[in-house]
Amino acid sequence: SNTQGDIRILLYDAVCETNPLTKKVTISLNNTLYSGCGKYLYDGSLNDKWILESVNSTTYTAKDFQKGLPWLKFDIASGKFTGNDGCGNISATAEIMGSRIKFSTINVTTGGCKNDVMQKVIKEKISNQVASYFFKDGKLYLYLIDDSMVIFTKA
């Protein structure tokens with residue numbers, strides 16, 4: 001409410017008809033309804049390749065994984081991300097919702113590796129989940145559903 005009257009903004013979890021990468025939005029102002037398409041604002045720094053540094057308080061190096069350090073690469077324009085869990089490739093869709101990321105089911109190609117720490121994190125805490133993210137000192141922090149933290153550095 002303001003001196004001009006009440007304003008009500010609704011963002012629907014429905015694709016906008018004119019642009020599949022946006023959501024349906026309605027705004028009600030002084031009993032007039034406006035509708036259109038909109039999308040969440042986000043930090044464009046996410047749109048890059050990120051290499052795993054740590055999971056919770058455990059820091060990892062390339063020698064901890066059969067195929068090097070796990071990494072993620074976000075392509076926000078297409079709503080997708082790809083990467084590697086240190087053993088096999090991963091891919092999924094990722095919807096950026098402000099300071100949160102909504103992940104779809106993550107496809108993982110497994111290679112029978114010994115260290116499955118990232119496979120477990122991906123399957124149990126990221127796939128089909130919403131994670132909060134933030135940047136600090138040039139690093140990407142993913143705050144996961146169980147209050148765990150995964151930290152990445154820019155490639």
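Ground rules. Residues count from 1 along each chain as its sequence is written, and side-chain values use heavy atoms, without hydrogens or water. Because the model is predicted, local features need pLDDT of at least 70, side-chain atom pairs count only at pLDDT 80 or more, and totals for chains, interfaces and linings use all residues.

Salt bridges next: a side-chain nitrogen of Lys or Arg within 4 Å of a carboxyl oxygen of Asp or Glu. The whole structure has six.

Start with Lys-23 and Asp-13, at 3.1 Å, N to O. Lys-23 sits in strand 2 (residues 19-29) and Asp-13 in strand 1 (residues 7-16), ten residues apart. Strands are DSSP runs of E, at least two residues; helices are runs of H or I, at least four; both are numbered from the N terminus.

Lys-23 also bridges Glu-95, at 3.2 Å. Glu-95 is in strand 8 (residues 89-97), so this pair ties together parts 72 residues apart in sequence.

Asp-13 has another partner, Lys-102, at 3.9 Å, N to O. Lys-102 lies in strand 9 (residues 100-103), 89 residues from Asp-13. Shared partners join Asp-13, Lys-23, Glu-95 and Lys-102 into one network.

Now burial. Buried is under 20% relative accessible area, exposed over 50%, partly exposed in between, with a 1.4 Å probe and protein chains only. Lys-23 is buried at 13%. Asp-13 is exposed at 63%. Glu-95 is partly exposed at 23%, and Lys-102 is partly exposed at 34%.

Last, Ser-127. This residue is in the loop between helix 1 (117-126) and strand 11 (130-136). Ser-127 is buried, at 11%.
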